[in-house]
Amino acid sequence: MNLLLFIFGSTIMVAQTNNEIFSKLLGTEVQTDKNIIVQLLKADPGKKIFVDSDNDGKIDLLYMIDTDGRHETQFKPILVKIVDEDGDMYLTGEGDLDSDLYIADWNADGIVDRIIDYVDLDNDNDQDEQIQYFWSDSTVTNKYRRAWYGPNLPRYYPGKNYYISWAKDIGDDNRLWWQINYDYVQTLTQWKSDYNGDETLVNMFFYDYKEDTIIPFGEINFSFYDLDNDNISEVATRFKGKGLTVEDLRYSYDIDNDADDTNVHDYDFSISCPGPIALPLEKTFRVKIRQYSTGPIVKWEYMREVAKAGKWRKAHLTWDENDNNISDPVLHPEDFICNERWEGVINHQSEFVKIMGGPSCGIYNKRNEIDLDYSGEMQFYYSPVDQRLHLYGAEVGWIKVDYDNDHIIDMFIWMEDNDRDGFFDTWKYDVNGDCLGKEHDNIRNNSVWKYEVEGDELYERVVHIENDDMQIIPFDYWILHDHYVSSLSRVTYTNQIIINRIKKLLRNYEQNFEIDSVEDYFYSSLVHYRKDYHIGEKIKNSNEGTRYYLDMIRERYWQRLTETDFVQNSNYKDIADFYNKGNFEEASDLLRKSKMN
């Protein structure tokens with residue numbers, strides 16, 4: 001009776017141990033039998049002990065020492081108690097991954113450490129939800145690899161704190177988290193987990209065991225959307241926050257829809273927005289976890305709508321120009337692996353916007369654009385100058401080019417909206433990367449501000465257009481997809497044509513013509529970059545990677561042409577005008593018609 005009062009009574013006792021707290025959350029079935037633990041520790045490896053807990057003639061509990069090689073030595077022996085919750089253990093003699101409850105006791109010391117609850121919502125014998133229960137402690141964070149959030153928690157309790165992670169398989173592909181030691185450890189388990197198709201998760205809920213409430217905290221919603229029913233997500237959205245407050249947003253698109261079974265994540269850009277904003281209560285629901293209902297989280301079907309409607313403070317566009325959305329091996333060696341990130345494109349921190357999530361996609365070969373006052377509200381436009389989709393409302397943007405992946409800048413491109421009408425009107429090209437850092441900002445109250453520019457003479461090409469009024473494109477996946485895909489092949493083709501024609505002239509105007517180093521690297525050496533993971537091969541064979549390198553090659557050859565006597569050619573002024581406006585077809589045609597002086 002005391003135990004029942006402890007769990008369900010109106011007077012709630014303050015839990016002190018793992019076993020008490022987990023019993024409070026899930027009931028007495030999480031408790032383990034000490035006599036059985038002693039028997040298993042003395043038995044041969046692989047021994048299983050079955051229990052008929054309700055005396056109905058059918059086994060419904062299984063105890064074992066898990067000897068799976070995936071588990072780490074420091075946690076062994078791992079005692080596991082499996083509770084059969086769908087009545088089929090007597091048929092299989094095993095637990096299943098659709099409706100059973102797994103209780104893990106690290107080192108078999110009688111203390112419950114991790115619990116995984118598999119839930120089958122539609123009775124089709126596969127998992128639809130997965131719920132993980134775990135603890136972290138500031139004194140053993142390194143050992144158990146669970147982040148310690150300390151005073152950032154909804155309520156700070158020194159020592160152990162308790163959490164719940166929840167995931168739901170909406171698309172019914174029957175895949176969610178994969179664990180080691182009955183735990184999700186990102187660096188070890190993320191690439192065997194599933195973040196594709198239609199899914200949603202919360203990582204995590206904070207269990208306030210003194211107030212007996214479950215509060216969304218951290219990634220209060222992470223949702224994935226499969227728009228074409230191929231079980232691969234084209235859209236990923238992430239809210240970070242606490243309770244009903246969203247602290248920041250990341251919203252990512254695989255805009256060319258080129259992820260497939262061989263490369264299951266291939267996000268091309270993200271918009272990251274700092275808040276805070278408040279979730280509209282009518283768009284939320286409470287997750288049912290046993291006898292508890294959690295604090296409200298946004299519904300999967302409303303998350304994109306809520307994200308777009310939010311009144312964010314800023315917006316940061318991060319575009320993966322070289323089609324290599326992996327964590328940076330220098331910045332994040334502890335989390336480096338040559339897989340494309342499943343979370344979307346994670347922005348890198350700048351003087352304008354903090355990092356939102358991690359690990360970042362890195363400094364180089366990503367296009368960054370900042371809308372400092374969120375005036376553009378996540379809309380886009382297409383500029384003919386560089387033939388790219390841009391973030392409407394962005395005041396500045398930049399690309400730090402590292403073509404040979406040696407973490408040394410090779411080219412720097414700066415973009416500005418000088419007249420503050422929401423469209424870039426100025427592009428500055430530092431072809432040799434020698435003026436990095438010359439641009440710096442003086443922001444005044446985040447509204448009235450200007451740029452001081454030092455060393456303008458170091459920019460080899462500066463383009464300024466007077467008429468920059470362009471068509472605004474809504475932040476809609478299929479509309480942006482059609483714009484992007486239709487332009488990509490065209491730009492790649494025209495790049496190659498104009499490169500060939502500039503090279504033909506350079507062979508006549510330069511005394512000792514040499515192939516540009518970027519072109520040589522792209523065609524000869526890129527395929528050898530991280531050959532163990534085929535990263536260079538992937539970049540070279542992708543449409544986006546090819547376009548990005550051809551942009552660099554074209555720009556470098558153009559710069560060389562402007563340093564020859566060709567500038568005296570009668571067509572040069574018209575060619576340069578077409579080139580600066582991004583009309584490479586006309587520029588190429590005039591180059592073809594031009595004769596040597």
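These exercises, each with a worked solution, concern a predicted model.

Residues are numbered from 1 along each chain as its sequence is written, and side-chain values use heavy atoms, with hydrogens and water left out. Local features need pLDDT of at least 70 and side-chain atom pairs count only at pLDDT 80 or more, while totals for chains, interfaces and linings use all residues.

**Exercise 1. Helix α9**

Task: Find which residues of helix α9 are buried, what covers them, and what caps the N-terminal end of α9.

Solution: 
- Step 1. Helices (H or I, at least four residues) and strands (E, at least two) are DSSP runs, numbered from the N terminus. Buried means under 20% relative accessible area, exposed over 50%, and partly exposed in between (1.4 Å probe, protein chains only).
- Step 2. In α9, residues 517-525, the buried residues are Val518, Glu519, Tyr521 and Phe522. They lie on the same side of α9 because they cover an arc of only 165 degrees around the axis; the arc is that of the directions from the helix axis to the C-beta atoms.
- Step 3. The cover over these buried residues includes α8 (477-509), α10 (535-541) and α11 (543-562).
- Step 4. The N-terminal cap is Asp516, with a side-chain oxygen 2.8 Å from the backbone nitrogen of Val518.

**Exercise 2. Salt bridges**

Task: Describe the salt bridges Asp248 with Lys354 and Asp589 with Arg592, and state how exposed each partner is.

Solution: 
- Step 1. A salt bridge is a side-chain nitrogen of Lys or Arg within 4 Å of a carboxyl oxygen of Asp or Glu. The whole structure holds 34 salt bridges.
- Step 2. Asp248 and Lys354 meet at 3.5 Å, N to O. This pair links distant parts of the chain, 106 residues apart: Asp248 is in strand β11 (residues 245-253), and Lys354 is in the loop between β17 (315-320) and β18 (366-371).
- Step 3. Asp248 is buried, at 1% relative accessibility, whereas Lys354 is partly exposed, at 42%.
- Step 4. Asp589 and Arg592 meet at 2.6 Å, N to O. Both lie in helix α13 (residues 584-593), three residues apart, about one turn of the helix. An α-helix has 3.6 residues a turn, so residues three or four places apart point the same way.
- Step 5. Asp589 is partly exposed, with a relative accessible area of 23%, and Arg592 is partly exposed at 48%.
- Step 6. Elsewhere, salt bridges that share partners join Glu321, Arg367, Glu369, Arg388, Arg461, Arg547, Asp551, Arg554 and Glu555 into one network.

**Exercise 3. Nonpolar cores**

Task: Identify the residues of the largest nonpolar core that touch the most other members.

Solution: 
- Step 1. A nonpolar core is a set of buried Ala, Val, Leu, Ile, Met, Phe, Trp, Tyr and Cys residues joined through side-chain atoms within 4.5 Å.
- Step 2. The largest core has 84 residues, of which Phe239, Phe269, Ile271, Phe380 and Tyr549 touch the most other members. Helix α8 gives the largest share of this core, 10 residues.
- Step 3. Another core, of 47 residues, lies apart from it; among its members are Ile78, Ala104, Trp135 and Ile164.

How values were computed:
Contact = heavy atoms within 4.5 Å. Polar contact = N/O pair within 3.5 Å; in protein donor to acceptor, adjacent residues only side chain to side chain.
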